[in-house]
Amino acid sequence: MIFCSFEFLIFFMVILLLTIIIRQNKAKKLILLAGSCYFYAYWDYRFLPLLAGLSIVNYYTGSKIASTQVRAGKKRWLVASIVFDLMILGFFKYFNFFVGSINSLTLSSEIRLPSMDIILPIGISFMTFEVMSYTIDIYRGKNKPAASLLDLSLLVTFFPHLISGPILKPGHFLPQLDREITVRWNNVEKGTQIFLLGMVKKVLVADRLALFVDPVFKAPQDYGSGTVWLAVIAYAIQIYCDFSGYTDMAIGSAKCLGFEFPPNFNMPYISKSITEFWRRWHISLSTWLKDYLYIPLGGNRKGKLRQYMNLMIVMLLGGLWHGASWNFVIWGGLHGLGLMIHKLYSDHLRPRAFNSRPYACVSWLLTMAFVCVAWVFFRSTDFAVSFIIIKKMFLIGGIRGITWYATSLFVIVPVLIISHYLGLKLGDPPYVRYENTWGCFLLFFVLLGLFYLAPLNSSPFIYFQF
Amino acid sequence: MRVLKYILRLMAAAAVALLVWEVVLENCVLREPGGNNSPILGRIFKPGIYLQGTEGYCKTRMNSLGMRGAEILPKTAAEYRILMLGDSQTAALQVSDDKTFVHLLQTKLARNTGREIRTINAGRNGASPAYYIHLSNFYHSFMDPDYVIIEINEDFITPIIDKTREFYVKKEGAEYVTVANFRDYYLWRMFPPLKVIKPFVAFSTFKIALDEIPVRWEQHRNHGAPARQEGTPAVDYADVIDWTLKTLKSDYPEMAILYLTLNKTESDMEALWRGSANKYGIDLVNTRDAFSGYYQSHLQPVNGFYNTMPGTGHINEIGHAILADCLADYFMRKVLR
């Protein structure tokens, strides 16, 4: 079930109604849990035991970590939980990748490792990271264990963030379950508006750009350099609007039910460095990687060289988290390299006086160009396609080909620039009240616009695959 | 009372939102703002309206016969009149008036021969040879053509026998006949009581909604697969093609076929059309070599637009220029020499 579907609308109305009608808090939680399981089972019910397994094992180990007094004992339970979570992730997501990689390395050998037909459970990467942070935080003394298995199960399965995040921190979400779950009218007003904004991003921007991006990435050799550049820029916008649109819908639907999710994006394409980009892009993932990988590796505490290495390791693993493919590893590696170079530049080379507007413009342009080039590896199906695109972009070996200046891009880019500018100026977005005619008009206007302007063939959310 | 007030406010807001969208759609997005029912031609575009295709960027004015371009005047004595029959590729609502192959052909022939040449674009969206056969008397009496070019493309066989079209071919005993299937809007057929909303269909907002809801619902039911084609029984294609060309030749003795194809090699269906055309002595102007030659040398496709996808959909300005060259060459070599 996806957010922008009729089924979800019905499903959500039922859940919202039940949450309003039912008075007992525990019953509300049970309804949310049952609803979340239904939401997931709508895709594939066979993976519900996996969700249950993740919840039960981590609840048990979390309780054990909290109750064990000896540090070594706590550590043993932590290691057990992390090994279990990583085994689940590794088996479902990376087994065939590693088998394939080993087989390709030993091409001359007679021995071939067998691969398996494993279905990747959607949202597995998000779920495993959440339960890992749950046990790690208990071990670190940052959090208490969940009050009940029901609470932890809700952290894992709560439908707004179940499939594509944002990655919730237990310390942020579990306290919300301790309070009474209350549906308030002003939350519903704000929530629906955030949801609709996400839907506009997804349906009107991302899906429309997909009609341009997909054919070019499918056969880049047929297109001219200018068109390939435009397609790469369009993909940068598409993935942002697709993913941040999904996040907005998740945040909006959670808000309607009385839950607060942290923001996951903060206008990433205004960044003037790669470091800034990662503070604004997929914030829940970058924060997770910083808290649970970069800092444990030593962060910036063990010297500059080690810091650069840590950045690279974190980004390589972050790339691999996105998908079991060397293309994602390269994408992560490029960002690691970008972070290292920026750190090196900031530490040693950057003249302090360079804060002028032209300097900011050049920084932005370089950052955008770098991010766009890296997206090529993220989007391409394999290296061969990536290299064709890179060669076309940098005018190596023939620039001729079909010229296609997609109209959608020329409409969307100015809209995006204006909305980013307004976002910068306004800070928090303004909300309208449905009590007044102006608010109702805007609601109907957006709903009708989604109907009239949406492309007929909607694309699936890009981040579902992760 | 408060609830009633709120409901009224909601309705007012919805009405204003619809009104704003009506203005937006009418001026920027709208594709086909309805039509009229003609007792002879069936459903045609309203006279005098401007149409904007979903592909390309141009707006086209419709004449009183629901065809693009100016009104058709009586033929003058010196005039040599060429009638172009075809589907949306000939109507070419995606291309501006002065760039269609029909217009370009007129200009080229007039320049090359020095004669008064007039081409009439009778292209019609969704048309097939069944239309041209059924309406041959009308075209002869109303337009009096000296020569007729009939555009046929790769997938024309399905529309010929498609029972949901306004004109289609069916077999009665051993003979084929054309049938006029003047239909009301499909929604009224499915749900007759809904006819009460008929006056609203003139509005773009309602028109698009009524058009798209069934499509989206069908897609939803088929999990994104295109809606299935109804009313297309299994038939002997060779037989239908043979009958179609035989009848066309007898209805329009002075005619040639413009065969539109973007395929690199000849398909089975194309071979059938070619075979039957040879059999009945019909000239067939095939576009394959011209189209593929242009792509090989310029790397630009002859169909598709910036707001759709190059290489897909209708013929673009480049393709129309090539078509005009092909036809001008044909006329100069075989018809007007």
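## Basis of the model

The structure is a predicted model, in which local features need pLDDT of at least 70 and side-chain atom pairs count only at pLDDT 80 or more, while totals for chains, interfaces and linings use all residues. Residues are numbered from 1 along each chain as its sequence is written, and chains are lettered from A and ligands numbered from 1 in the order in which they are written.

## Overall form of chain A

Chain A has 18 helices and 0 strands, where helices (H or I, at least four residues) and strands (E, at least two) are DSSP runs numbered from the N terminus. Its C-alpha atoms fill a box of roughly 65 × 65 × 55 Å along the principal axes. The radius of gyration of chain A is 23 Å, which agrees with the value near 23 Å for a compact globule of 466 residues; this radius is taken over C-alpha atoms, and the globule rule is 2.2 Å times the number of residues to the power 0.38.

Of the contacts in chain A with a separation of 6 or more, 74% are between residues 24 or more positions apart, a contact being two residues whose C-beta atoms, placed from the backbone, lie within 7 Å.

## The two domains of chain A

An automatic or database domain assignment divides chain A into domain 1 (6-183) and domain 2 (187-465). Their centres, taken over C-alpha atoms, are separated by 26 Å, and 26 residues of domain 1 are in contact with 25 residues of domain 2. On the side of domain 1 that touches domain 2, the elements giving two or more residues include helix H1 (6-21) and helix H4 (71-105) of chain A, and H5(A) gives the most, with 5 residues.

## The sheet in chain B

Chain B holds an open sheet of 5 strands, ordered S6-S5-S7-S10-S11 with parallel pairing, where strands pair if DSSP finds at least two bridges between them. Strand S6 (116-121) and strand S11 (283-286) of chain B are the edge strands, each pairing on one side only. Within the sheet, strand S5 (residues 79-85) and strand S7 (residues 147-153) of chain B run parallel and are joined by 4 bridges; B:Leu83 has B:Val148 in S7(B) as its bridge partner.

## Contact between the chains

In chain B, 24 residues are in contact with 19 residues of chain A. Helix H1 (2-29) and helix H8 (204-221) of chain B each supply at least two residues of the side that touches chain A, and the largest share, 11 residues, comes from H1(B).
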